[in-house]
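Open the model in a viewer and keep the sequence panel at hand. The tour below goes from one selection to the next and says what is found at each stop.

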Amino acid sequence: YALGLVLYAGLGRFQEAADELEQEVQQDTLRADERELLGAVYLGLNLPQRAIDALSEAARLQPKDWGIHHRLGLAYTRKGLIQEAAESFRHATRLAPYVPQAHLDLARLYERQNDSEAADRERALYERWAPVEDRVSRFKQEVSQYPDSLEARYLLGQAYVEQGRLKEAFDRFREAIERDSTYAEPYYGVGAVMHMGGDLQRAVMAYEKAVSLQPDLFLAHADLGQAYYQLGHYEPAAAAYQKALVLRPDLPITQSKLGLAYAQTGRVDEAIQAYGEALRQDSSLVDTRNALAHAYAAQARFDLAIEQWRAILRQDAAYPKVAELLDRAESAQARARQSIE
């Protein structure tokens, strides 16, 4: 296998590489990597059917390897089997949606089929993931060149998080922590991985460690608040959100989340103030406006609740249950007026 790889990738001697690998795959019937490499060599020799045969066997042996399915799509494309190529590329994107090249190749196939809507969708995904893949490649190179660079390991981990590759991200964060246990940001990264994986208790521990080492790490405070909120610990959640907003007051979503935490602890006036600040910064936050309306209704301030629900209907006429809530508030307001009269 190693000799075949050198002949193919290092020296470009495709036929010799094929000769070596063909002997090897007959002796070892269970190695997918040998068949994948042989498929690549056959593509280099412009033998697409042989490539399809080798890569199909590799995919059978290693069905969750996106790279094999992507290369199989290339072989089908070379053979002119467009439907089979598209399915192989789609399989690759299902296994690894963060890989930009598979989306681009799929977009090109859709363009050949005059399916502009599907092509545009895949090109948008390519444009979404290509910069992330560029960052992964750049930071991997930095880690290789500068093994002691903690920042490069952390940034590589963050790029992996964005790709959804949580195990790879966790490993990079752990490596940074092992090299320097006082470096705060990898603890935040570990917290994010735990949070995304649903392990809220460990996420809280990691976030707490991060902010203890670096108190101005506002994202760690904000995510700590979210983890506490999801655990049902609303007072600590509010405290964490407050710290995040001291560092970055221009975070309307965090203001809104602070309002939710206040509301859960019965601090309705403070919740209203937080919701109002969030909407002052971003009036498009329909969920926040709905929460504000509920807070007003809880205080029997139906005129203000009605104002907010009407504003929601102007923004989104299909917003769930708002029309019903508005009717109830208007009825409650009418009853209140009658009782006064």
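In which helix does His69 lie? Select His69: this residue belongs to helix α5, which covers residues 66-79. The model is a predicted one, and residues are numbered from 1 along each chain.

Is His69 buried or exposed? The relative accessibility of His69 is 7%, and because buried means under 20%, His69 counts as buried. Next, show the backbone of Pro63. The His69 side chain reaches the backbone oxygen of Pro63 at 3.0 Å. Now display the surroundings of His69, leaving out its neighbours within four places in sequence. The residues in contact with His69 are then Ala59, Pro63, Ser88, His91, Ala92 and Leu95.

The remaining stops concern charged pairs. Side chains of opposite charge can pair when their charged atoms come close. How many salt bridges does the structure hold? There are 25 salt bridges in the structure, and a few of them are visited here.

Select Arg60 and Glu57. Their side chains form a salt bridge, with N to O at 2.5 Å. Both residues sit in helix α4 (residues 48-61), three residues apart, which is about one turn of the helix. Arg60 has 53% relative accessibility and counts as exposed, whereas Glu57, at 28%, counts as partly exposed.

Move on to Glu162 and Arg135. A salt bridge joins Glu162 to Arg135, and their closest N and O atoms are 2.5 Å apart. Which parts does this pair tie together? Glu162 lies in helix α9 (residues 150-163) and Arg135 lies in helix α8 (residues 116-145), so the pair ties together parts that are 27 residues apart in sequence. Colour both by accessibility: Glu162 is partly exposed, with a relative accessible area of 34%, and Arg135 is partly exposed at 26% relative accessibility.

Then select Asp199 and Arg202. Asp199 forms a salt bridge with Arg202, with 3.6 Å between the closest N and O atoms. Asp199 counts as partly exposed at 27% relative accessibility, while Arg202, at 52%, counts as exposed.

For the last stop, select Lys167, Asp171, Arg174 and Glu178 together. What joins these four residues? Salt bridges that share partners join Lys167, Asp171, Arg174 and Glu178 into one network.

How values were computed:
Predicted model: local features only at pLDDT ≥ 70, side-chain atom pairs only at ≥ 80, totals over all residues. Heavy atoms only, no water. Helix = DSSP H or I, 4+ residues; strand = E, 2+ residues; numbered from the N terminus. Buried < 20%, exposed > 50% of the residue type's maximum accessible area, 1.4 Å probe, protein only. Polar contact = N/O pair within 3.5 Å; in protein donor to acceptor, adjacent residues only side chain to side chain. Contact = heavy atoms within 4.5 Å.
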